[in-house]
Amino acid sequence: MRLDRFLTHRTDLPRREILRLLAEGQLAVDGAIESSGLRKIGPFTKVELAGEILQAREAVYLMLHKPAGYLSATQDLLHPTVLELIDHPLRDELHLAGRLDRASTGLILLTNDGRWSKRVTEPEEEIPKVYRVTTRDIIAEETAAHFTQGIYFAYEDLTTRPAILEILSEREALLTIHEGRYHQVKRMFHAVGNQVLSLHRERIGALSMDHGLAPGEWRHLSSAEVGYFIPTSGL
Ligand code: URA
């Protein structure tokens, strides 16, 4: 939103008064005097008018090492949710940027910035997600080729996008997918006659699970990590 429109909505001042305040240098945006009403204001931009704060919301970006048994939801009557693991003052504002099944473990991102989480989760963004998978049966060599060609999901009537399978040992592999269909990894292995026994998300885009975090622990993302999902043209 433009600063002049933001001011009109937020204060009941007439437009000419707003222009005067701007010209007098009474507006500060993120701590610096701003004289142009055309300046773009985001939901987390700090705006002060004559020293009074009109908007100051902290943007929060967290990574969590999800333990098994927790639901990727903000609340649930039956099961504990990942939100219950986050003892942060803004916890109630947070939502998940992508889910994991209840039994799955690993990297989960949480934020109160809806535009950012949309970039992380939007299928069109094609952000790769890397999973470490253990299986019931030996992973056949041709599985990699099947996953590259794509697996047909009858329920959605679609073929999964090319995925990369790196076989690590007889029953362990890294799988990279570029979309997030319901139970996608489990269904892909099921389609080739195997079964996933454990699923751990190692990476989302350029962001890897911090191995210093034990299951259930979380930390703030650094600004560089937040920036992995922001196009270089900015917000
Ligand atoms: N695919 C699955 O089947 N489960 C997950 O939790 C994530 C991807």
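A polar contact is a pair of N or O atoms within 3.5 Å. That cut-off matters for Q184: one of its backbone N or O atoms lies 3.5 Å from an oxygen atom of the ligand. The model described here is predicted.

**Ligand site**
- D101 places a polar side-chain atom 2.6 Å from a nitrogen atom of the ligand.
- S104 has a polar side-chain atom 2.9 Å from an oxygen atom of the ligand.
- On its own, the ligand has 230 Å² of accessible area, and the protein covers 95% of it.

**Nonpolar cores**
- In soluble globular proteins, nonpolar side chains tend to be buried together.
- The largest nonpolar core here has 29 residues.
- L110, V133, F147, L175, V185, M188 and F189 have the most contacts inside this core.
- At least two core residues come from each of strand 5 (61-66), strand 7 (105-111), strand 8 (129-135), strand 12 (172-177), helix 5 (184-191) and strand 13 (196-204).
- Beyond its neighbours within four places in sequence, V133 is in contact with R171, E172, A173, L175, V185, F189, V196, S198 and L199.
- Another core, of 15 residues, lies apart from the largest one and includes M63, I127, I204 and V226.

- Four strands form an open sheet in the order 2-1-3-4, with antiparallel pairing.
- Strand 2 (32-33) and strand 4 (52-55) are the edge strands, each pairing on one side only.
- Strand 1 (residues 27-29) runs antiparallel to strand 2, and 2 bridges join them.
- V29 stands opposite A32 in strand 2.

Technical notes. Residues are numbered from 1 along each chain as its sequence is written. This is a predicted model: local features need pLDDT of at least 70, side-chain atom pairs count only at pLDDT 80 or more; totals for chains, interfaces and linings use all residues. Side-chain values use heavy atoms; hydrogens and water are left out. A nonpolar core is a set of buried Ala, Val, Leu, Ile, Met, Phe, Trp, Tyr and Cys residues joined through side-chain atoms within 4.5 Å. Buried means under 20% relative accessible area, exposed over 50%, partly exposed in between (1.4 Å probe, protein chains only). Contact means heavy atoms within 4.5 Å. A polar contact is a pair of N or O atoms within 3.5 Å; within protein, one must be able to donate a hydrogen and the other to accept it, and residues adjacent in sequence count only if both atoms are side-chain atoms. Accessible areas come from the Shrake-Rupley method with a 1.4 Å probe; for residues, only the protein chains shown count as cover. Two strands pair if DSSP finds at least two bridges between them.
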